[in-house]
Amino acid sequence: MINVKPQIYKILTETSADDVFYFYPETWVKGKKLISYYELDNSEATNADDEEYSSNVAIQIDIWCDKPSECSSLAIEVNKKMRDMGFHRTLCLDLHEENAIKHHKTMRFEKEEILE
């Protein structure tokens, strides 16, 4: 098993987002672009000699902005950062939430991580 959450947090803070949160935004300030993230899966992918050799890692990233176009621009940044880490995108979806304060886009990424 591997913990990639510190690396995910670091790359998300390198985007144009104003704040990055684990699981769910703590604040909803107008004009701020927010990202939240969490681990969806961290399961054993392969093993050898009774030892885990690689892990399947899946991350969900949610983008929260005042305008849909801001969500899309930030999603492009996030996608590039995650690809640079070796993840591939498995989902990108605009979500409509009645009476929502922010527009919401959700993204999912996966990769098989070789353990050292």
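**A tour from core to loop to cysteines**

Start at the loop between β2 and β3, where Asp49 lies; helices (H or I, at least four residues) and strands (E, at least two) are DSSP runs, numbered from the N terminus. This is a predicted model, in which local features need pLDDT of at least 70 and side-chain atom pairs count only at pLDDT 80 or more, while totals for chains, interfaces and linings use all residues. Residues are numbered from 1 along each chain as its sequence is written, and side-chain values use heavy atoms, leaving out hydrogens and water.

Asp49 has a positive phi, near 55°. Its relative accessibility is 75%, so Asp49 counts as exposed (exposed means over 50% relative accessible area, buried under 20%, partly exposed in between; 1.4 Å probe, protein chains only). Select Asp50 next, in the loop between β2 and β3: its phi is near 60°, also positive, and Asp50 is exposed at 79%. Most residues other than glycine have a negative phi.

Now select the largest nonpolar core, of 21 residues: buried Ala, Val, Leu, Ile, Met, Phe, Trp, Tyr and Cys residues joined through side-chain atoms within 4.5 Å. Leu12, Ile35, Ile61, Ile63, Val78 and Met82 touch the most other members. Elements giving two or more residues are α1 (5–13), β2 (34–48), β3 (51–65), α2 (68–84) and β5 (103–114).

Finish with the cysteines. The whole structure has zero disulfides (pairs of cysteine sulfur atoms within 2.5 Å). For Cys65, the nearest cysteine sulfur, that of Cys71, is 4.0 Å away; Cys65 is buried, at 0%. The sulfur of Cys92 is 9.7 Å from that of Cys71, its closest, too far for a bond.
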